[in-house]
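User: I am new to this structure and would like to go through it with you. Could you take my questions one at a time?

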Amino acid sequence: MPVIERARIGAALRRWLLSGLLVLVPLIVTLWVLEWVISTLDQTLNILPEAWQPERWLGVRVPGMGVLLALAIVLGIGALASNYVGNQLVAWWHALLQRIPVVRSIYSGVKQVSDTLLSEKGNAFRQALLVQWPREGMWTIAFLTGAPGGDVARHLPAQDYLSVYVPTTPNPTGGYFVIVHRRDVVPLAMSVDEALTYVISMGVIVPGARKPGAALPASSSGAA
């Protein structure tokens, strides 16, 4: 077989291999994550009495029944917490946990983060920014989270500094919280969702071009 023909076949095989991986890898990872989530949530069935187990009255194990139970529990707790009596119970439970020394610090921190991320009024990531990280001359995408507060604001005035979150790639849930000077950040004219997609894809998926003109929010004398 001529050398040129072998090279053409080799190139075609490599192209087919890469095309197959591009199709299968996202599908396999997605199915793996879904299987992990469903199997984890199925463990909620263990809280039911044995006589109430779906396998007993269906005669067969149906994956995903725990997801329905977990969803029903979350909806039930949400409905209970939305009325006056439930709200009082939640407040009582919160006050109780605040009195337990070790639990208090863990619970308070997690609650503040969840309130920020999950609340309808939450504003965890306010704007996409460019910052120099991890050293001068190297740039990465970060997200504005607010301004210095508490005792930090005495040393780093909120009108001059910003609190930002620098995510890691491809898992943006791990990252670094840093406080930078306003002059050292560049506001981006892209949405937070677009910036997250850019980070998660490791720069492969580039957001569509948008009109320039993004600006930092006006500084205030108080901490955010």
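User: Which residues is valine 131 in contact with, leaving aside its neighbours within four places in sequence?
Analyst: In this predicted model, valine 131 is in contact with Met138, Trp139, Thr140, Ala142, Val166, Asp184 and Val185.

User: And which residues make up the largest nonpolar core?
Analyst: That core has 10 residues in all: Leu129, Val131, Ala142, Leu144, Leu162, Val164, Val166, Val178, Val180 and Val185.

User: Which elements give two or more residues to this core?
Analyst: They are strand E1 (127-132), strand E2 (139-146), strand E3 (161-167) and strand E4 (175-181). E3 gives the most, with 3 residues.

User: What lies apart from it?
Analyst: Another core, of 9 residues, lies apart from it; among them are Ala128, Met190, Val192 and Ala195.

User: Changing topic: how do the axes of helix H3 and helix H4 cross?
Analyst: The axes of H3 (residues 65-82) and H4 (residues 84-98) come within 5 Å and cross at roughly 100°. H3 is therefore roughly perpendicular to H4.

User: Which residues make the contact?
Analyst: H3 contributes Leu80, Ala81 and Ser82, while H4 contributes Tyr84, Gly86, Asn87 and Val90. By class, the contact has 4 nonpolar, 3 polar and no charged residues.

User: Where is confidence lowest in the chain, and where is it highest?
Analyst: Confidence is lowest in helix H5 (residues 101-118), at a mean pLDDT of 72, and highest in strand E5 (residues 185-187), at 94. The chain averages a pLDDT of 81, and 87% of the residues score at least 70.

How values were computed
Residues are numbered from 1 along each chain as its sequence is written. This is a predicted model: local features need pLDDT of at least 70, side-chain atom pairs count only at pLDDT 80 or more; totals for chains, interfaces and linings use all residues. Side-chain values use heavy atoms; hydrogens and water are left out. Axes are lines fitted to C-alpha atoms, for helices over the stretch in contact, and angles run from 0 to 180 degrees between N-to-C directions. Helices (H or I, at least four residues) and strands (E, at least two) are DSSP runs, numbered from the N terminus. Angles under 35 degrees count as roughly parallel, over 145 as roughly antiparallel, 65 to 115 as roughly perpendicular and the rest as oblique. Contact means heavy atoms within 4.5 Å. Ala, Val, Leu, Ile, Met, Phe, Trp, Tyr, Cys and Pro count as nonpolar, Asp, Glu, Lys and Arg as charged, and the others, Gly among them, as polar. pLDDT is the predictor's confidence in each residue, from 0 to 100. A nonpolar core is a set of buried Ala, Val, Leu, Ile, Met, Phe, Trp, Tyr and Cys residues joined through side-chain atoms within 4.5 Å. Buried means under 20% relative accessible area, exposed over 50%, partly exposed in between (1.4 Å probe, protein chains only).
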